Amino acid sequence: MAPKPPHKQSVSMGRGARKRDDDSGTEVGEGTDEWTQSKATVRPPDQLDLTDAELKEEFTRILTANNPHAPQNIVRYSFKEGTYKPIGFVNQMAVHFSQVGNLIPKDSDEGRRQHYRDELAAGSLESVKAVLSDAEILEEDEEPKEVEMEAGSQTELPPAEVAETVIEEELMTPKQPKERKLTNQFNFSDRASQTLNHPVRDRECQMEPPPRTNFSATANQSDDITKVSQAAKIVERMVNQNTYDDVAQDFKYYEDAADEYRDQEGTLLPLWKFQNDKAKRLAVTALCWNPKYNDLFAVGHGSYDFMKQSRGMLLLYSLKNPSFPEYIFSSESGIMCLDIHVDHPYLVAVGHYDGNVAIYNLKKPQAQPSFRSSPKSGKHTDPVWQVKWQKDDMDHNLNFFSVSSDGRIVSWTLVKSELVHTDVIKLKVEGSTTDVPEGLQLHTVGCGTAFDFHKEIDYMFLVGTEEGKIYKCSKSYSSQFLDTYDAHNMAVDAVTWNPYHTKVFMSCSSDWTVKIWDHTIKTPMFIYDLNSAVGDVAWAPYSSTVFAAVTTDGKVHVFDLAINKYEAICNQPVVARKKTKITHVEFNPIYPIIIVGDDRGHITCLKLSPNLRKMPKEKKGQEVQKGPAVEIAKLDKLLNLVREVKIKT
Amino acid sequence: MTEVEETLKRIQSHKGVIGTMVVNAEGIPIRTTLDNSTTVQYAGLLHQLTIKAKSTIRDIDPQNDLTFLRIRSKKHEIMVAPDKEYLLIVIQNPCE
């Protein structure tokens with residue numbers, strides 16, 4: 001509220017004007033009142049005319065601290081409620097004037113420091129005066145004191161100037177030790193604490209040093225270890241001979257003396273066992289003795305299981321080294337059959353599960369076959385079950401036959417390092433084309449599983465099929481069979497001609513039987529039931545009446561028709577583990593041993609006891625005749641007996 | 001590994017084999033599985049013996065040649081196979 005102007009009758013400005021004065025804030029001082037006293041009151045023309053009652057009306061004016069310029073309706077968004085809400089309290093402060101000053105409070109750090117500095121400066125000035133006076137006293141002893149007194153106040157300047165530098169220097173030196181050095185602006189202090197330091201102790205442990213051996217060698221550029229290969233091979237055989245010394249002795253010299261006491265039966269003496277890690281899981285699918293080197297034999301590995309087909313291997317072992325094969329070949333598809341050429345004992349023909357045939361040359365050190373069939377060159381579409389070398393054809397080209405489940409018998413000829421194929425026969429199942437309208441003739445294809453060529457009649461051969469039939473075929477007739485034999489109820493596993501007798505052949509099958517035939521007669525001469533599926537049969541090379549059969553229950557049966565027509569003279573389980581099936585058997589052409597292969601990839605070599613190798617007894621006075629003629633006669637005699645019996649019945 | 005290396009490895013790991021070594025034409029061992037002193041001893045002695053044996057065979061029949069030499073002793077058997085330039089020596093204990 002504006003102070004009322006001093007009560008003076010001379011001043012009559014009116015209440016309205018006073019209201020205006022509130023805002024303007026100008027006041028009329030006492031002096032001005034006195035000045036305006038002399039003048040007469042002037043009434044402005046626009047002054048409000050108010051009645052007395054209105055004049056006496058009192059208006060209440062309240063003085064508040066509110067800032068009239070401050071807003072009264074500030075709203076702020078409240079996230080909690082999601083609306084704008086007015087703020088209750090509004091800042092009422094109005095700043096009229098602000099200036100940044102540089103006053104420091106006396107008690108703050110900076111203030112104290114400055115104060116101290118000022119004190120120092122003042123003290124130094126005084127000390128300067130004192131020093132100066134002392135200096136002058138020292139320097140100018142002669143000057144009277146009055147002059148010094150004066151000098152103390154007035155003339156301190158010129159000598160000060162002179163001695164300023166000196167004094168300043170003096171000032172400097174006492175200043176420095178007194179003044180506190182400020183390293184940085186911030187007043188900080190280090191605080192540290194230290195624990196007790198434990199003394200350091202070394203702890204060690206030492207083991208026994210590992211045993212050390214000295215290795216010393218001399219290497220020479222000219223030394224080449226590969227030159228020792230021949231010697232190494234010889235030594236390996238020697239080492240093996242030492243290890244298997246007793247086996248080698250048995251092989252050579254052992255004859256079972258107990259055979260004399262055993263009526264007619266014979267035994268098989270196990271000799272060596274051949275196996276190789278790489279062929280561990282693969283079954284033995286083919287065996288063949290080398291015709292020239294009688295201790296060398298070839299083994300083909302593969303799988304008979306339709307579902308589990310993997311790779312194949314061809315290994316050649318020698319009896320002189322049972323630990324490791326002489327030759328190893330690997331192939332992608334399982335090997336199902338193999339044959340070694342008679343004249344060229346380094347050529348091995350193999351047939352694969354995927355229908356391919358290949359020729360391996362043992363003379364060349366390569367791991368791949370020398371010649372291979374391909375889908376272009378007419379490979380079989382089914383596994384090749386048997387291959388057999390034939391005599392060279394007219395142009396002296398190598399030539400072999402193969403039989404497969406796709407019903408084709410193919411002749412392969414090696415013409416200028418290429419395999420050329422010729423379909424010899426397509427096996428057709430007879431009797432299946434009845435009840436078919438004309439024009440539509442279904443030719444179901446028979447599946448060949450085994451074949452054998454006649455020893456003397458070149459063009460004639462036998463084929464066994466999956467249906468159990470055996471066909472006698474000729475190389476020259478491609479569509480017709482010479483003869484058909486209803487041999488077995490299940491697939492024919494093997495057919496072989498007798499090595500001596502030209503008319504007799506033998507067949508075996510999974511229907512547990514082995515049958516011996518005369519090819520001129522439709523019914524078998526001898527039938528043997530072996531209580532288990534027969535994997536393979538083989539004639540003995542030394543006698544026309546001896547043969548061996550192997551079955552899936554792991555037994556080897558040896559028969560000698562001259563001794564016992566109805567039963568085996570040897571019936572021996574050969575395999576180490578049960579449930580191992582024997583897959584193939586082969587007689588050695590020279591030595592009295594046989595090799596059997598099983599489905600685990602192991603080959604066992606067995607020696608035939610004397611009873612199994614009986615030659616016809618010498619009759620007193622008569623010369624013992626040896627030779628094929630004797631054998632043939634022997635068998636003939638037997639057959640005649642049988643035939644007579646048959647004719648009789 | 002070459003075939004020869006594999007063969008040597010097989011020989012070394014065969015049952016009863018004590019050691020193998022290859023000695024060159026001058027009697028210096030090139031490769032051995034035994035310790036140095038034994039090797040040098042065997043190499044020197046067997047080298048001389050092989051030369052003697054070879055000359056014996058040749059003296060009897062000039063067309064003939066030594067294929068290998070086997071010395072069986074009470075404790076073990078030493079087999080020496082001479083080659084064109086090298087000598088392969090294997091020591092085996094056969095009766096185990």
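In which kind of crossing, left-handed or right-handed, does H8(A) pass H1(B)? Let's take a look together.

## About the model

This is a predicted model, in which local features need pLDDT of at least 70, side-chain atom pairs count only at pLDDT 80 or more, and totals for chains, interfaces and linings use all residues. Residues are numbered from 1 along each chain as its sequence is written, chains are lettered from A and ligands numbered from 1 in the order in which they are written, and side-chain values use heavy atoms, with hydrogens and water left out.

## Chain A in outline

Chain A contains 10 helices and 30 strands; helices (H or I, at least four residues) and strands (E, at least two) are DSSP runs numbered from the N terminus. Of its 649 residues, 39% count as buried, meaning under 20% relative accessible area with a 1.4 Å probe and protein chains only (exposed is over 50%, partly exposed in between).

## Two helices from two chains

Helix H8 (residues 229-243) of chain A packs against helix H1 (residues 3-12) of chain B at an angle of about 25 degrees, and their axes are 10 Å apart. The crossing of H8(A) past H1(B) is left-handed: the near helix is turned anticlockwise from the far one by less than a right angle.

On the H8(A) side, the contact (heavy atoms within 4.5 Å) is made by A:Ser229, A:Ala232, A:Val235, A:Glu236 and A:Val239, and on the H1(B) side by B:Val4, B:Thr7, B:Leu8, B:Arg10 and B:Ile11. By class, this contact has six nonpolar, two polar and two charged residues.

## Aromatic pairs

Rings of Phe, Tyr and Trp (its six-membered ring) pair if their centres lie within 6.5 Å; planes under 30 degrees apart are stacked, over 60 edge-to-face and the rest tilted. The count comes to 26 aromatic pairs over all chains. In one of them, the ring centres of A:Phe251 and A:Trp272 are 5.3 Å apart with planes at 50 degrees, so the pair is tilted. A:Phe251 sits in helix H9 (residues 245-253) of chain A and A:Trp272 in strand S3 (residues 268-274) of chain A, so the pair ties together parts 21 residues apart in sequence. A:Phe251 is buried at 14% relative accessibility, and A:Trp272 is buried at 6%.

A:Phe547 and A:Phe559 form a stacked pair, 4.9 Å centre to centre with 10 degrees between the planes. Both A:Phe547 and A:Phe559 are buried. Ring pairs also link A:Phe526, A:Tyr528, A:Trp539, A:Phe547 and A:Phe559 into a cluster.

Methods
Axes are lines fitted to C-alpha atoms, for helices over the stretch in contact, and angles run from 0 to 180 degrees between N-to-C directions. Ala, Val, Leu, Ile, Met, Phe, Trp, Tyr, Cys and Pro count as nonpolar, Asp, Glu, Lys and Arg as charged, and the others, Gly among them, as polar.
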